[in-house]
Amino acid sequence: MSMRTLFLHLPKESPMTKLHPSLKLITLIIINLIAWIMEAPIPLLILVSSTILCFKIAMIPVRRIMRFFRFILLIVQAVLISYLLGSKIPGESVYITFPWGTYISETTLLYAFTMILRFFAMLFASTLLLATMTERDIVYGLVYLHLPYSLSFVVSLAFKTMGVFIDDFIKVRDAMTLRGVSFDKGSLLERAKNYASLGVPLAVLSIRRMIESSYVVAMRGLTLGGRRTYFHEYKFKIYDLLLLVFLGVLLAITLLLKWTGPLSFPGWPLRR
Amino acid sequence: MYDIVIENLRWKYEDGEEALKGVNLKVRKGEFLGIVGPNGSGKTTLCLCMTGLIPQMVKGRWEGRVIVDGMDVTKTKLRDIVRSVGIVFQDPEVQLLKMTVEDELAFPLENFAVPREEMRKRVEWALKQTRMEEYRMKHPFELSGGQKQRVAIASVLALTPKIIILDEPTSDLDPIGKREVFDTLHRLKGKHTIIVAEHETEELMKYADRLILLKDGKIIHEDRPSRFFYKIDVDSGVHIPQLIMLSRLLGNVRNLTAIRELVKYDSVKHVRETSPKRVESEEAVKVSGLKFIYPDGTIAINGVNLSIRKGEFTALIGPNGSGKTTLCKCIVGLLKPTEGNVKVDGRIGMVFQNPDHQLFCKTVYEECAFGLRRMGLAEEEIKEAVADILKVVGLSGLENVEPFFLTKDKRQRLAIAATLATQPEIIIVDEPTTGQDVRQTRDIMDLLRRLNEKGKTILIVTHDMKVVAKYAGRTIVMKDGRIIADGETRDIFSRFDVLREASILPPQITIFGRKIIPQTTVLTVEEMYELVKVREHE
């Protein structure tokens, strides 16, 4: 059966979509945590490769997520520029020294590569999980984690509103383009000013929608903190448990290896 | 006996005018009440007062009493009122909060802590009542406008309220959507007390037990639908159903058979056409082999060839999703065709459906001056041009007002003015009359007609067939990204099979005309009246 997640329309359900909602959230947190802890390029490369493999398991059409690549490339550029131009990481050979005192060594290159891998791991894991999560997963995931329903509701409404906001953004931008405003030409300042002028109609539309939504919410009987029941029921299955244990063990091993050294960045002794 | 009792209700918004000025109304159990009136007459305010949202969530000054299902709305908690009253709003996008139909219906039940088994039964029942069973797992984005409104109705129904209020539920919908909503209401009639505020009087009069006319915050007339439209003022700002209008013009001949008798002869030679004809001139727009595919793979336009002549007034019609707006976006250059090409001879401007997407300046003056400044005109010239444009659209004197404080019809006219400022030769207007009352519709359409008479090429995208019949010389019918018919409006409206294929219902008077004079196509009440007058004269 096909399903619509927060970002995508998936052709059919997969082991990833069938996970317990709270486990999806936990996985998202743990993978990001592990990527943040790791500093060694090889384990990070393995983590990135595993995440890419999971895209296949989750049956996510790669064509549909290609649009995120431009954004990823921007991050890669930003990371590279900041490390290449603004760092002082000692190495055996220094290739370039800049007038402002920073330099590029072979360790700089390795560290920049490692940081890019870390971003990749975090981005791929987050994309993977958000691409397999529904609004219902977020609501129930947070509820099963014993967070207040008001928080789940606000988060789910934010995702829903995002779609409407993007739609409004495109329409307002189109209308302004037809009246001679250019968002692609001119200096950076001009373009920034043009984008800023989008804010007026978008703010007015959002305020109007917010007022109407508050009426709808009130007329659906939502109150903060009141007793409520839930339409769906999720049970923690055996594979959920196995994955939870695996993630727990993985996190523990990562912490241990980071503490003992193997997951630290290999170039650090040089800095010392 | 009565589900709603309103006594001398007055309401003034905190920073606005008095919206209701002494309303008295009683609604019987199981009654279907229609509220009609021009925009700004207080219809929405009255609906909000009956739900308790006013005064509990809106600031202002309240006088009088509103009792709903035995509860005083000023003294009862909103949560308790909600168990008895449900409301469906105009905009289907805003009122759907969840990401599947099923979850949307379950949401209010969860809020009232209804046990899961009971919830399942009620969700099932509400889906059945609105015939939405097969869409239970659908995302709101995947539904049509009519289906979204049915979900909103189902969501209200799930709480099994005694009273259902609908505030202009069909304003944003295409003809299929409107029919879906009214069919749903028809099925619910008698089981609930239903109150509908609407501009769509022809549909409303079929189902309502009683109609009230609201004007300037007061109920100025109420009656059974069969009598109501014979008694209200023609200039009341309410659309009088075409057959009743004809009957009134004929001196209140209420018996349609009598009208049939009056025109029962070969009348082809007597039709005095009041609607415009197509013009023959140079090409203003030429579309060849146009195909447009969205990034998600949806084929929006599939091989369109089209030529629009200079000075033509063309209507583009078809169900939602047929590719009308995409075609317009390709013509104005907002979208790049996947295949084929578009050639435009002359400056082109487009007015969007929602004026709020288009207005972004601080004052009405600035809004009109914006395009002119971009064209490099001197400030003196701009001043003169803005004054002229504002005069044309009837907004003179409002130069220093902030656009977002204008009423919707004025914002719509300002959006047209802002587009006109750049002096386009071709003007595309997407749904110019959505949510407008009869007077506002006439004002906007007359403005477009005047521009057309001055030589502008006009292309409108609309669901309002009365507007098409009266104003457009040429009509293009689209379905599934293709043009399925293109020709003079009279010819198109004579082809009921094509209209049916595109799920379009011609104007009431055209259908009536076809029944009594099959060999001719009547487009407006005035044309039919002329026919009858000729017969009377003979």
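Me: Helices (H or I, at least four residues) and strands (E, at least two) are DSSP runs, numbered from the N terminus. Where is B:Gln423 found?

Reply: B:Gln423 lies in the loop of chain B between helix H16 (408-420) and strand S16 (426-430). This is a predicted model, where local features need pLDDT of at least 70 and side-chain atom pairs count only at pLDDT 80 or more, while totals for chains, interfaces and linings use all residues. Residues are numbered from 1 along each chain as its sequence is written, and chains are lettered from A and ligands numbered from 1 in the order in which they are written.

Me: What is the phi of B:Gln423?

Reply: B:Gln423 is not a glycine, yet its phi is positive, at about 50°. The residue is partly exposed, because 15 other C-beta atoms lie within 10 Å. A residue counts as buried with 20 or more other C-beta atoms within 10 Å of its own, as exposed with 12 or fewer, and as partly exposed in between, with C-beta atoms placed from the backbone.

Me: And A:Met59, what is its phi?

Reply: A:Met59 has a positive phi of about 55°, and it is not a glycine. A:Met59 sits in the loop between helix H2 (41-57) and helix H3 (62-65) of chain A. With 15 other C-beta atoms within 10 Å, A:Met59 is partly exposed.

Me: Which residues does the cis peptide bond join?

Reply: The cis bond joins B:Ile54 and B:Pro55, with omega at about 10°. B:Pro55 belongs to helix H2 (residues 53-56) of chain B.

Me: Confidence next. What does the model score for ipTM and pTM?

Reply: The ipTM is 0.83 and the pTM is 0.85.

Me: And what does chain A average for pLDDT?

Reply: Chain A averages 86, with 96% of its residues scoring at least 70. Chain B averages 89, and 94% of its residues score at least 70. pLDDT is the predictor's confidence in each residue, from 0 to 100.

Me: Where in chain A is confidence lowest?

Reply: In helix H11 (residues 268-271) of chain A, at a mean of 52, whereas H10(A) is highest at 93. Where pLDDT is low, the predicted coordinates should not be read in detail.

Me: How many helices and strands does chain A have?

Reply: Chain A has eleven helices and four strands. Its C-alpha trace spans about 70 × 60 × 35 Å along the principal axes. Of the 272 residues in chain A, 27% are buried.

Me: At what angle do the axes of H1(A) and H10(A) cross?

Reply: H1 (residues 21-37) and H10 (residues 238-260) of chain A cross at roughly 15°, and their axes come within 10 Å. Axes are lines fitted to C-alpha atoms, for helices over the stretch in contact, and angles run from 0 to 180 degrees between N-to-C directions. H1(A) and H10(A) are therefore roughly parallel. Angles under 35 degrees count as roughly parallel, over 145 as roughly antiparallel, 65 to 115 as roughly perpendicular, and the rest as oblique.

Me: Which residues of the two meet?

Reply: From H1(A), the residues include A:Leu23, A:Ile26 and A:Ile30, and from H10(A) they include A:Leu243, A:Leu247 and A:Lys258. Two residues are in contact if their C-beta atoms, placed from the backbone, lie within 7 Å. This contact has twelve nonpolar, two polar and two charged residues. Ala, Val, Leu, Ile, Met, Phe, Trp, Tyr, Cys and Pro count as nonpolar, Asp, Glu, Lys and Arg as charged, and the others, Gly among them, as polar.

Me: What about H1(A) and H6(A), at what angle do they cross?

Reply: The axes of H1(A) and H6 (residues 135-144) of chain A cross at roughly 85° and come within 7 Å. That makes the two helices roughly perpendicular. A:Pro21, A:Ser22, A:Lys24 and A:Leu25 in H1(A) meet A:Asp137, A:Tyr140, A:Gly141 and A:Tyr144 in H6(A).

Me: Now the two chains. How many residues does the contact take from each?

Reply: It takes 41 residues from chain A and 46 residues from chain B. On the chain A side, H6, helix H7 (149-178) and helix H9 (199-219) each give two or more residues. H9(A) has the largest share, 13 residues. The chain A side divides into 18 nonpolar, ten polar and 13 charged residues.

Me: Last one: is B:Glu104 buried or exposed?

Reply: Buried, because B:Glu104 has 25 C-beta neighbours inside 10 Å. B:Glu104 is in helix H5 (residues 101-111) of chain B. Its C-alpha atom is 6.4 Å from that of B:Ser155, 51 residues apart along the chain.
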